[in-house]
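Visitor: Could you walk me through this structure and tell me what the labels rest on?

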Amino acid sequence: MIKENEDIRDGFFDDLLKKFKKNKKVFFLTADQGTFKLQEFIEFDQKRVINVGISEQHLISFASGLASAGNIVYVYAISSFLILRAFEQIKVDLVFNNPNVKIIGMGTGFCYSQDGPTHHSLEDISVLRPYSNINIFTPSNSITSELISNIIYKNTGLDYIRLDKGRFDYNGIYGKTKHLDNLVVLKKGNYTNCIISCGVILNTVFKNYFDRENLQIIDIYKSNSITDKTINFLSKFKKIITIEENIVNSSIGSILESHLTNSKVKIIKIGASSLVNYEYGSRDYLIDKIILNEKNKKEIDNFLNLSIN
């Protein structure tokens, strides 16, 4: 079994490689995007590993055709280019036909921070959320990425995986905490308030807020198709804060807000306020500058009625 502090990609690709070896109908397509595990796929069966070159539109159409012949097709490319450049093909070839295609968008949020705004992927959820037949998943560590790999393999329709990179330690919590539908609840006990997050930024949330009193931390690894069970669970909180590496008004926070309109839950959403961002630097720098800056931290503390002195 994968360990919690292994690379996010390893949890996903190690599991996928097992399925690739067992099932000859599994194909792996890439738009010239590499991964450490790719060579192992090629060495086992290079005919089912196809690099279409830097042509994301072709990648999606090719995948749709392969899937229509009864195959399970995984496509892999940088998220910002895959979702936006190939959006028409995703809509026409995938959404309208609902083939068994798994879209792996590598590098969401500020993952490729040093490459600048062209590589930032802050609007992918907002672009795809109108399509109810695309399941959107965001792993926060190797355990949830392995879990997601198993979930999407069993699904015969469309999935989008917002894959990332890095090793993140949650003190072993993921190996012993409970999973609820599309959620992982990180703290035991009953709480009045909670922070909901996902992906790499969750580790920053964990470090900053895990020890706060009366504050639950929740990892929402599936961000659309919210079930009644999830809504009933979240409705028990008085205050919810969503913190995400996305455009704040059209992503996870707004999805949850739309489902909780009839409840008494108060919600604030923390994220990137605009796509117009010309900041360069490390991922931690951009998160501190744009998302968890002093202004937003004060808003969180004021919302929770905590002292900020």
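Guide: Let's go through some salt bridges and then one histidine. This is a predicted model, so local features need pLDDT of at least 70, side-chain atom pairs count only at pLDDT 80 or more, and totals for chains, interfaces and linings use all residues. Residues are numbered from 1 along each chain as its sequence is written, and side-chain values use heavy atoms, with hydrogens and water left out.

Visitor: Why is Glu-56 called buried?

Guide: Buried means under 20% relative accessible area, exposed over 50%, and partly exposed in between (1.4 Å probe, protein chains only). Glu-56 has 4% relative accessibility, so Glu-56 counts as buried. Arg-85 has 39%, so Arg-85 counts as partly exposed.

Visitor: How do you know that Asp-124 and Arg-162 meet in a salt bridge?

Guide: Their N to O distance is 2.8 Å, and that is why the label applies. Asp-124 lies in helix α6 (residues 124-128) and Arg-162 in strand β6 (residues 158-163), so the pair ties together parts that are 38 residues apart in sequence. Asp-124 and Arg-162 are both buried.

Visitor: Which parts does the salt bridge of Asp-164 and Arg-283 link?

Guide: Here the N to O distance is 2.7 Å. Asp-164 is in the loop between β6 and β7 (179-180), while Arg-283 is in helix α11 (residues 283-291), 119 residues apart. Asp-164 is buried, and Arg-283 is too.

Visitor: Now the histidine: why does His-119 count as buried?

Guide: His-119 has a relative accessible area of 18%, so His-119 gets that label. You'll find His-119 in the loop between β4 (101-106) and α6.

Visitor: Which residues is His-119 in contact with, leaving aside its neighbours within four places in sequence?

Guide: Contact means heavy atoms within 4.5 Å, and His-119 has Ile-78, Ser-80, Phe-81, Gly-107 and Tyr-112 as such partners.

Definitions and conventions. Salt bridge = Lys/Arg side-chain N within 4 Å of Asp/Glu carboxyl O. Helix = DSSP H or I, 4+ residues; strand = E, 2+ residues; numbered from the N terminus.
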